[in-house]
Amino acid sequence: MAKPDKVAAVAEIAESFRTSSATVVTQYTGLSVSQLSQLRRALGTSAKYRVAKNTLVKRAAEDAGVKGLENLFVGATAIAFVEGEAVDAAKALRDFAKDNNALVIKGGYMDGKALSVDEINRIADLDSREVLLAKAAGAFKAKLSQAAALFQAPASQVARLAAALEEKQRNAAGTEAAEAPAES
């Protein structure tokens, strides 16, 4: 017979699996409480880091329809449920793992697919959403500036041509005026 607190924990973890945009499974053996707090601060609002028993996590993943992570739930397991951008959370976990060898990234889950450690590292190497949007905006602005210059070019060429023609006519009129008194 299941204990009510375990049933509630499974339901909460299953809901986290359902509502998160991605999850990253880690092993945290050897990290102190202060280091875990530091990791949670590094994740900020982009992810919720939860330590849980493997049997509860396996049952919750099954309830949520998450497949392919069963072999990762071995040893001291903690899961980062990504609520924001997967890139930000993956970078925070990767950087923390570089500084603290006790944190081991085992794998993850995103868009209905299990992720390997290499895939998580590739996600961490991506630019954040804000940077990508800024790059796209810059590219759009550059193209609009090029289009404006292209549309403006014929008008400015006509203006330069008219100014050159006017200058030529003035020079021709001035030359004729200078030559006319000499003939008389």
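This is a predicted model: local features need pLDDT of at least 70, side-chain atom pairs count only at pLDDT 80 or more; totals for chains, interfaces and linings use all residues.

The exercises below start with the sheet and then move on to the helices.

Residues are numbered from 1 along each chain as its sequence is written, and side-chain values use heavy atoms, with hydrogens and water left out.

**Exercise 1.** Work out the strand order of the open sheet and find its edge strands.

*Solution.* Start with the elements: strands (E, at least two residues) and helices (H or I, at least four) are DSSP runs, numbered from the N terminus. Two strands pair if DSSP finds at least two bridges between them. Take β1 (residues 22–27): six bridges join it to β3 (residues 77–82), running antiparallel. Two pairs to check there are V24 with A80 and Q27 with T77. Next, β1 also pairs antiparallel with β4 (residues 104–110), again over six bridges, and T23 stands opposite Y109. Put together, the five strands go β2-β3-β1-β4-β5, with antiparallel pairing. The edges are β2 (47–51) and β5 (113–115), each pairing on one side only. Twist from one strand to the next averages 20 degrees.

**Exercise 2.** Is strand β1 largely enclosed or left open by the rest of the structure?

*Solution.* Count residues that are buried (under 20% relative accessible area, 1.4 Å probe, protein chains only). Five of the six residues of β1 pass, so the strand is largely enclosed by the rest of the structure.

**Exercise 3.** Describe how helix α2 packs with helix α4.

*Solution.* The axes of α2 (residues 33–43) and α4 (residues 86–99) come within 9 Å and cross at roughly 150 degrees. That makes α2 roughly antiparallel to α4, a label for angles over 145 degrees. Now list contacts (heavy atoms within 4.5 Å): Q35, Q38, L39, A42 and L43 in α2 meet A89, A92, L93 and F96 in α4. Sort them by class and you get seven nonpolar, two polar and no charged residues, where Ala, Val, Leu, Ile, Met, Phe, Trp, Tyr, Cys and Pro count as nonpolar, Asp, Glu, Lys and Arg as charged, and the others, Gly among them, as polar.

How values were computed. Axes are lines fitted to C-alpha atoms, for helices over the stretch in contact, and angles run from 0 to 180 degrees between N-to-C directions. Angles under 35 degrees count as roughly parallel, over 145 as roughly antiparallel, 65 to 115 as roughly perpendicular and the rest as oblique. Buried means under 20% relative accessible area, exposed over 50%, partly exposed in between (1.4 Å probe, protein chains only).
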